[in-house]
Amino acid sequence: MDIRIYDSKGLVARHFSDYLEQFIANRNEVHIALSGGSTPQIVFEELASHKREAIDWSKVHFYWGDERCVPPTDDQSNYKMTQTYLLSQITIPANNIHRIKGEDIPKEEAERYGELLREKLPNTTGVPSFDLVILGMGEDGHTASIFPHEIGLWESDKLCEVATHPESGQKRITITGKVIDHSKEVVFLVTGIGKKEKVAEIIKHEGDFKEYPASLVAPENDNLIWFLDKEAASGL
Ligand code: 6PG
């Protein structure tokens, strides 16, 4: 487990952007699953302002690890956030953007997106494999849209499932543990003092860590990197 700690959210974004530039430069075609949330938003702003020309975006295919079941024009949409802060700022072929259609019937879209992953992603192990999955972590220890009250979704034999937000009841589409753990590399982007306890429990295997979906992330080749600011890492 590779744990990288920086003084601020801004420095997490800066160093992750440098990591991503190198990751893409070393590959011909790159399939990346994005996350929603406030930390990815800062990363997207950093990529748009400092890596617009440095990265050959034509090599990159963007997917989402999860999406809220809302239209792509809704402020809750992870796609809309990505479109606003990154996709509208870079030159990337429209065919390289594979959004989850939050406006469609959740169960049907989960099926469709799973089929899309089978069609688009390399599949050497019988499971579609992203080159990189970017994850956030909620204060409750959720990741993607697998929440503690539905932790069983992690073990689903499907590639995508319909999840329910524990407070709002909002439906979400999420990739499952099978997809995350078959990816070649996984990065957690976690910042803020609110994540301190869960980060410490998960990384140190303390307390109720097994109840947090984020603790289940274990890519088969051990390529897991945590990008943390010092607040989120202050319990380590
Ligand atoms: C989402 C994200 C979610 C997010 C965490 C952390 O759709 O909201 O995919 O899993 O990563 O909630 O969000 P913050 O980075 O904003 O704390």
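Buried means under 20% relative accessible area, exposed means over 50%, and partly exposed lies in between, computed with a 1.4 Å probe on protein chains only. This is a predicted model: local features need pLDDT of at least 70, side-chain atom pairs count only at pLDDT 80 or more, and totals for chains, interfaces and linings use all residues. Residues are numbered from 1 along each chain as its sequence is written, and side-chain values use heavy atoms, with hydrogens and water left out.

**View 1. Strand β9 is mostly covered.** Helices (H or I, at least four residues) and strands (E, at least two) are DSSP runs, numbered from the N terminus. In β9, 6 of 6 residues are buried. Leu 224, Trp 226 and Leu 228 point one way from the strand. Ile 225, Phe 227 and Asp 229 point the other way.

**View 2. Six strands form an open parallel sheet.** The order is β1-β9-β8-β5-β2-β3. The edge strands are β1 (2–6) and β3 (60–64), and each pairs on one side only. Two strands pair if DSSP finds at least two bridges between them. From one strand to the next, the twist averages 20°. Axes are lines fitted to C-alpha atoms, for helices over the stretch in contact, and angles run from 0 to 180 degrees between N-to-C directions.

**View 3. Strand β9 pairs with β1 and with β8.** β1 and β9 run parallel and share 5 bridges. Here Ile 5 stands opposite Leu 228. Strand β8 (residues 186–190) is joined to β9 (residues 224–229) by 5 bridges, also in the parallel sense. Leu 189 has Phe 227 as its bridge partner, and Val 186 stands opposite Leu 224.

View 4. Which residues are they? His 205 has a positive phi of about 50° although it is not a glycine. Phi of Asp 222 is near 65°, again positive in a residue other than glycine. Most residues other than glycine have a negative phi. His 205 counts as exposed, at 53% relative accessibility. Asp 222 counts as exposed too, at 62%.

**View 5. The largest nonpolar core has 71 residues.** A nonpolar core is a set of buried Ala, Val, Leu, Ile, Met, Phe, Trp, Tyr and Cys residues joined through side-chain atoms within 4.5 Å. Ile 32 and Phe 62 have the most contacts inside this core. Helix α1 (residues 9–25) gives the most to the core, with 7 residues. Contact means heavy atoms within 4.5 Å. Not counting residues up to four places away in sequence, Phe 62 touches a set of residues including Ile 32, Leu 34, Trp 57, Leu 86 and Leu 87. Ile 90, Ile 92, Asn 96, Ile 97 and His 98 are also among those touched by Phe 62. In soluble globular proteins, nonpolar side chains tend to be buried together.

**View 6. Three strands form an open antiparallel sheet.** The order is β4-β7-β6. β4 (66–68) and β6 (160–164) stand at the edges with a single partner strand each, so one side of each is left without a neighbour in the sheet. Neighbouring strands are turned by 25° against each other on average, direction ignored. β6 and β7 (residues 171–175) pair over 5 bridges. Ala 163 has Arg 172 in β7 as its bridge partner.

**View 7. Helix α4 (residues 106–120) lies across β6 and β7.** The helix runs at about 145° to β6. How many residues does α4 have? It has 15, and reaches 21 Å from its first C-alpha to its last, close to the 21 Å expected at 1.5 Å a residue. That expected span is 1.5 Å times one less than the number of residues. The buried residues of α4 are Glu 109, Ala 110, Tyr 113, Gly 114, Leu 116 and Leu 117. They cover an arc of only 160° around the axis, which puts them on the same side of α4. The arc is that of the directions from the helix axis to the C-beta atoms. What covers these buried residues includes β3, β6 and β7. The face turned away from the buried side carries the exposed residues Lys 107, Glu 108 and Glu 119.
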